[in-house]
Each structure stands twice: as structure tokens, then as C-alpha cells.
Amino acid sequence: MLIAEVSRKFDLSQSTLRYYERIGLIPRVNRSKSGIRDYSEEDCRWVDFIKCMRGVGLPVETLIEYVGLFQQGNETLEARKELLIEQRKQLLTRMEDMKNVLERLEYKISSYEQTIGAKEKTLIRQQD
């Protein structure tokens with residue numbers, strides 16, 4: 001699959017895909033004899049995985065480390081698992097923080113709605 005196709009499929013710019021490859025965020029993509037990137041299904045799975053992980057805020061450095069461990073083979077299975085467990089813990093903490101912020105926003109919005117409703121009632125009474 002050409003880079004333009006992968007770009008459309010995953011809604012990532014071609015420059016982002018090249019950058020991800022250059023920094024080791026995705027493994028090196030095979031190239032045709034003329035030097036054009038030729039993404040395999042495995043490459044696309046990596047792009048999908050990285051996009052998903054970045055979408056929830058996992059750090060680039062952590063993902064580069066994960067890819068590097070993967071490339072070292074099965075002797076790094078435990079290290080990869082531990083890295084993902086740590087990221088899950090951090091993500092759960094962030095989700096709890098976001099839940100608390102959301103509750104606070106809901107409270108503030110509700111307070112404004114009550115204040116606005118009371119103001120409207122006062123204005124209606126004044127017009128009568």
C-alpha cells in the first residue's frame with residue numbers, strides 16, 4: 001500500500017507517517033526498488049496501534065521504547081507487558097482526573113442554568 005493510501009486510511013498526513021518511521025515510532029517500512037514506501041498489512045497494524053495509543057496521549061518516547069523492545073524479540077515480552085501495564089495505570093489516573101473535571105464542569109453549567117432561569121423568571125414578572 002502506498003503512503004498516500006495509508007495516509008487516507010488512517011487520516012494521518014504523509015509527513016506524519018514519514019516522521020513516525022524516522023523516529024522509530026513505527027518499524028521501518030519496506031520500499032520498492034525505486035525507493036517508494038510499500039506498507040504491508042503488518043505496517044498498517046503498527047500505524048493503527050500507534051495512532052490509537054497517541055490518540056489517548058501515550059508519550060512518543062514510551063511508544064518508541066515499546067517498538068524497540070518489540071524489535072528485540074520474544075526475550076522482551078515481560079518488559080513490553082510491564083511497560084503497557086504502567087501506561088494503563090497512568091491512563092486510568094488521567095481518566096479519573098478527567099471524570100472529576102467533568103463533574104465540576106457539570107456543576108458549574110447547572111449553576112449557570114439555574115441562575116439564568118431565575119433571571120428569566122424575574123424579567124417575566126417585571127414585564128407583567
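**Fold, extent and a buried glutamine**

Modeller: Among contacts (heavy atoms within 4.5 Å) in the protein chain between residues at least 6 apart in sequence, 43% join residues at least 24 apart. This is a predicted model, in which local features need pLDDT of at least 70, side-chain atom pairs count only at pLDDT 80 or more, and totals for chains, interfaces and linings use all residues. Residues are numbered from 1 along each chain as its sequence is written, and side-chain values use heavy atoms, with hydrogens and water left out.

Biologist: Which pattern does the protein chain follow along the sequence?

Modeller: Helices (H or I, at least four residues) and strands (E, at least two) are DSSP runs, numbered from the N terminus. The protein chain has five helices and zero strands. Its pattern along the sequence is α-α-α-α-α.

Biologist: What radius of gyration does the protein chain have?

Modeller: The radius is taken over C-alpha atoms, and the globule rule is 2.2 Å times the number of residues to the power 0.38. The C-alpha atoms fill a box of roughly 85 × 35 × 20 Å along the principal axes. Whereas a compact globule of 128 residues would have a radius of gyration near 14 Å, that of the protein chain is 24 Å.

Biologist: Is Gln-87 buried or exposed?

Modeller: Gln-87 lies in helix α5, residues 77-127. Leaving aside neighbours within four places in sequence, Gln-87 is in contact with Leu-58, Pro-59 and Thr-62. Buried means under 20% relative accessible area, exposed over 50%, and partly exposed in between, with a 1.4 Å probe and protein chains only. Because its relative accessible area is 8%, Gln-87 is buried.
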